[in-house]
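Welcome to this guided tour.

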Amino acid sequence: MDKTTIICRCEEISCEEVEEVISNGGRTFDDVKRITRCGMGPCQAKICTSMVAEIIHQQTGLSPSEIPLPRMRMPLSPIKLETLATNSTSFSTVKSVLDEVELEEGKVR
Amino acid sequence: METNYETIVIGGGVVGSGIAYHLSERYKEGVLVLDKKYPMSGTSGSTQAWVWVHNKTPSWYAEFNMYSAELYPYLSKKIGDVEYKRTGGLSPFFNESDREKAQKLAESYRKIGIKIKVLSREEVLEKEPYMNPEVAGATYSSIDGNVNPFRLIDMYMRAAKRNGVRYSTYNKVTEIKKQDGKYSVVSDKGAFECKNLILAGGTWSREIGDMLGVKIPVNQLRGQILVSEPLKPFLNFTISGLRQANNGEVLMGYSMEEAGFNRATTLDVIQETANMAVQYVPGLRKAKIVRAFSGIRAMPEDGFPILGKVPGHENLYVAATHSGVTLSPLIGTLITELIMDGETSIPIDRYSLSRFG
Ligand SMILES: Cc1cc2nc3c(=O)[nH]c(=O)nc-3n(C[C@H](O)[C@H](O)[C@H](O)COP(=O)(O)OP(=O)(O)OC[C@H]3O[C@@H](n4cnc5c(N)ncnc54)[C@H](O)[C@@H]3O)c2cc1C
Ligand code: FES
């Protein structure tokens with residue numbers, strides 16, 4: 001692979017950028033992702049995963065089985081927010097910052 | 001690799017790397033940062049990264065956050081573009097009954113120099129036209145903003161390394177011994193010696209403290225976030241609940257649950273988060289969600305940062321906190337002062353580990 005080869009098409013990340021992360025001590029796809037955004041594009045790493053694994057393998061000598069796959073998260077493909085919403089306006093785990101402000105004898109603590 | 005250092009920092013997240021960078025500005029002795037994985041693999045890589053001040057309580061804690069937020073513009077001049085934006089922060093409320101509380105907050109914080117405006121419905125919609133028109137009002141302060149946490153840590157690390165700091169990553173600390181007035185830090189890649197030891201292990205602080213017989217009462221508190229596809233810029237402010245990043249993605253979520261170290265995302269909290277987002281900004285309904293993630297906050301037992309010298313242990317320091325993104329420039333500055341000058345420019349006694357007895 002050439003230094004300028006584009007590894008992540010969605011985010012336009014080149015081979016050189018991926019290599020830099022590895023030479024600074026990164027070892028996993030997620031390390032590369034957090035620093036370069038490689039894998040955070042619309043395809044959510046479907047296209048770039050294997051090429052990044054190949055670069056990690058070449059640079060570190062780790063065998064493919066030692067290179068963890070990126071953590072797959074819901075949703076596996078993009079989904080509209082309204083599909084996830086249930087239209088309830090009562091919250092338990094989700095907080096409002098203002099609700100956390102407590103008054104003591106009518107004054108802010 | 002060199003095994004003798006003046007100072008070792010355990011943990012290279014935003015707190016540990018922030019300390020290492022600030023130390024390296026003034027300090028010419030050797031500094032080593034050890035991280036069991038790569039920095040950002042902990043909480044610092046799964047955060048909303050608001051630089052948030054205005055409605056934290058009590059007032060002395062808000063003031064502490066304010067000092068840190070004020071260091072951000074200068075920090076970005078020094079270490080490079082971390083995409084820090086002082087957008088101003090908006091906390092909406094949907095019940096008119098909350099206005100009184102908001103006004104009380106504004107009144108008492110004026111005294112400490114945090115300017116908060118309590119906005120009417122019309123004023124909110126003028127500032128943030130996509131906010132739900134059913135909003136009753138909001139508190140607003142210009143001090144709040146947000147930052148790109150990945151760039152922040154990357155820049156801290158790069159600047160620290162330029163100043164001579166060494167990093168050893170994928171290197172877990174397994175044992176710490178005190179020998180002849182020095183600390184011997186045993187890791188997967190061998191033992192290192194140092195005079196000063198700084199514990200910045202975030203949500204793992206308790207187990208690192210145990211290695212020295214020091215109780216660091218930090219618990220785990222999970223938060224889950226939804227990320228949208230990049231949208232054209234349409235949100236002007238950091239809203240307590242969601243924000244739009246530089247690349248157009250909207251990050252939504254403000255949730256708290258006790259789930260130990262489990263970093264799963266769960267449908268119930270994803271749904272609640274979606275409900276919050278559409279309540280705040282109905283226009284997001286049609287936006288596509290591309291990713292969900294969760295992170296584990298380090299939550300000290302009483303909710304406040306644990307900072308400074310570890311009582312009874314010479315040259316041992318601890319920094320464990322939530323809101324570490326907001327606080328990292330100040331924590332870095334203060335721990336550096338403590339090590340170099342023996343005292344801090346802002347008192348931090350109330351954040352001492354000694355309060356837990
Ligand atoms: C969902 C969510 C939203 C948040 N939103 C905000 C926000 O808007 N604003 C804000 O200011 N804060 C926010 N926070 C909190 C903030 O992200 C954290 O306070 C901050 O990232 C903590 O940084 P840290 O360096 O202490 O921890 P970490 O980043 O976890 O760093 C600790 C490091 O220690 C290393 N380590 C642990 N044990 C060992 C060992 N034995 N040997 C070697 N290394 C070890 C780990 O690998 C890790 O890299 C949020 C947190 C979450 C979860
Ligand atoms: S090619 Fe990398 S995210 Fe799509």
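Begin with a loop: select P58(B), which sits between β3 (50-51) and α2 (59-79) of chain B. T57(B) and P58(B) are joined by a cis peptide bond, with omega at about -10 degrees. As you explore, remember that this is a predicted model.

Next, colour chain B by its domains. The division gives domain 1 (4-47 + 150-217 + 302-356), domain 2 (89-141) and domain 3 (219-300). Note that domain 1 is written as three separate stretches of chain B. How far apart are the C-alpha centres of domain 1 and domain 2 of chain B? They lie 37 Å apart.

Now select ligand 1 and show the residues around it. There are 37 of them, and those that come nearest are D35(B), S44(B), W50(B), G324(B) and T326(B). Which domains of chain B each give at least three residues to this shell? Domain 1 and domain 3 do. By residue type, the shell holds 13 nonpolar, 19 polar and 5 charged residues.

Stay with ligand 1 and zoom in on its oxygen atoms. Show the backbone of G324(B), where a polar atom is 2.8 Å from an oxygen atom of the ligand. At T326(B), a polar backbone atom is also 2.8 Å from a ligand oxygen. For T321(B), the distance from a polar backbone atom to an oxygen of ligand 1 is 3.3 Å.

Zoom out and show both chains together. On the chain B side, 62 residues are in contact with 43 residues of chain A. The two chains bury about 4,900 Å² between them, with 57% of this on carbon and sulfur atoms. To see which chain B residues lose the most area to chain A, select K101(B), Y254(B) and E272(B); together they make up 14% of what that side buries.

For the last stop, move to chain A and select R37(A), in the loop between α2 (29-36) and α3 (49-60). What is phi of R37(A) near? The angle is near 75 degrees, a positive value in a residue other than glycine.

Conventions: Residues are numbered from 1 along each chain as its sequence is written. Chains are lettered from A and ligands numbered from 1 in the order in which they are written. This is a predicted model: local features need pLDDT of at least 70, side-chain atom pairs count only at pLDDT 80 or more; totals for chains, interfaces and linings use all residues. Side-chain values use heavy atoms; hydrogens and water are left out. A residue is near a molecule or strand if one of its heavy atoms lies within 4 Å of it. A polar contact is a pair of N or O atoms within 3.5 Å; within protein, one must be able to donate a hydrogen and the other to accept it, and residues adjacent in sequence count only if both atoms are side-chain atoms. Ala, Val, Leu, Ile, Met, Phe, Trp, Tyr, Cys and Pro count as nonpolar, Asp, Glu, Lys and Arg as charged, and the others, Gly among them, as polar. Domain bounds come from an automatic or database domain assignment. Contact means heavy atoms within 4.5 Å. Buried area is the accessible area (1.4 Å probe) that two parts lose on being put together, summed over both. Helices (H or I, at least four residues) and strands (E, at least two) are DSSP runs, numbered from the N terminus.
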